[in-house]
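Subject: Structure handover

Hello,

Here is the structure we spoke about. Please look through it alongside the notes below.

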Amino acid sequence: MTMDRRYIGNILMHITNDGTVFLLPSVLPLITIEYGLSYAMAGLVSSVIPFCLGLLQTPIGRYGDRLPNSLMLRAGILIVGAGALMVGTLPQLFLPGLLMMGIGGSFYHPIGYAYTSRIVRGGKAGIALGIQSSSGDVGILAAYLMAGPMALAWGWRLPFLFWGALSMGAFVASFSLFRGERTDHGPEGAVASALFSKDIIIVMVLFAILGAVHRILSTFLPTMFFLGGLEITLADSATALYIGIGIAGGVIGGKLTDSHGPRRTALAFYAITAAALLALYQSHWLFLDVGLIAVMGISVLGIYPPLYYIMRGAARGRLVGTAYGLLLSLGMVSGIAGVTVGGYLMDYFPSMIYLFASALALGGTIMALALPRGGTMPSQTATKNLILDGN
């Protein structure tokens, strides 16, 4: 598979962006202790970044259809890095620093995916989007694995300083990786009505369902295993397993999208997710639970590439950034809603969290039947390699 420096730069941006933006939960208990926060206040603090992502990704994606994508990617990672360094060095600017991280983090996903959609040529767009999707999980997994040892040895601020410095390094490296970049934004004159086709609406509903299921699992898996009798470090490893296997899931989902089409891939993975969650609800064996989490790591994270692929084709090169921004904002908002409902279930019937998520995934399975059978990408000559237009 061949890829040019622009794609490599985009992947580097994704790793550093997600590792930094989603760092807070890994050290939140230590922050809660230092600042004497209640759990309710800690929840509000942890919602600052997701709130920014849900609010800003759509308008930023709209600007991505008018301005050079590489320039906007640089701006986003610079703001993320500056915010993380503020959090790590200036206690009095803790909340403003988080706000900056949320604002800067709102740039990457709509712009980064739109950028890949515009520079990829040939018949391997699915695997390109799959690798890109998984690269963000690489950053998140690395942040979670590194944050604990760093925080225990030198305090919770060091992880923010480290990832802030990495983000600044990615900003500097981007001048080399994106050098010589010419026009890389969408055509002028695109209208918002282009975003209200049947295919796009279906993908948005599916993405909302996916966002809720993914956020429920990543949020409540450690708590469920802790309530089941495991110590906290082992309980946390459930989420690490889910994210780690999900890295492979994104790549697998992208490859299957290229070989079997986005509709079949999404349909199969929604159905597998629904079945695995139902089995997890009924299971009382730890080894089976671990196996089911591994399966869901592949199936849940594997759904993202076919949905990105269909959205890319449905937008037809017009308002691609806006389309991805809407998609990602919707996924973030639905994730917050899913966790809110899940929190009420956890207070009274913890195991029902699996049944609730399974019902959502089953709804996604049914909805996926309405996806276009052949995908919505313009026909292109298939190639053996991913070829990136290296102008």
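Leu307 is in contact (heavy atoms within 4.5 Å) with Val203, Leu206, Phe207, Leu210 and Tyr270, leaving aside its neighbours within four places in sequence. Leu307 lies in helix α13 (residues 304-315); helices (H or I, at least four residues) and strands (E, at least two) are DSSP runs, numbered from the N terminus. Leu307 counts as buried because its relative accessibility is 0%. The cut-offs: buried is under 20% relative accessible area, exposed is over 50%, partly exposed is in between (1.4 Å probe, protein chains only). Arg263 is 44 residues from Leu307 in sequence, and 8.6 Å away in space, C-alpha to C-alpha.

A note on the source. This is a predicted model: local features need pLDDT of at least 70, side-chain atom pairs count only at pLDDT 80 or more, and totals for chains, interfaces and linings use all residues. Residues are numbered from 1 along each chain as its sequence is written, and side-chain values use heavy atoms, with hydrogens and water left out.

Next, the cores. A nonpolar core is a set of buried Ala, Val, Leu, Ile, Met, Phe, Trp, Tyr and Cys residues joined through side-chain atoms within 4.5 Å. The largest has 86 residues. Leu98, Phe160, Tyr242, Tyr270, Met296, Tyr308 and Tyr324 touch the most other members. Helix α9 (residues 198-227) gives the largest share of this core, 15 residues. A second, separate core has 13 residues, including Ile60, Ile77, Tyr108 and Ala170. Not counting residues up to four places away in sequence, Phe160 touches Leu23, Leu24, Val27, Ile31, Ala84, Leu85, Val87, Gly88 and Met101.

Now the salt bridges (a side-chain nitrogen of Lys or Arg within 4 Å of a carboxyl oxygen of Asp or Glu). The count is two. Arg157 pairs with Glu34, with the closest N and O atoms 2.8 Å apart. This pair links distant parts of the chain: Arg157 is in helix α8 (residues 157-177) and Glu34 in helix α2 (residues 24-35), 123 residues apart. Arg157 counts as partly exposed because its relative accessibility is 21%. Glu34 is also partly exposed, at 42%. Asp65 and Arg118 form a salt bridge too, at 2.5 Å, N to O. Asp65 sits in the loop between α4 (48-64) and α5 (69-89), and Arg118 in helix α6 (residues 94-119), 53 residues apart. Both Asp65 and Arg118 are buried.

Best wishes
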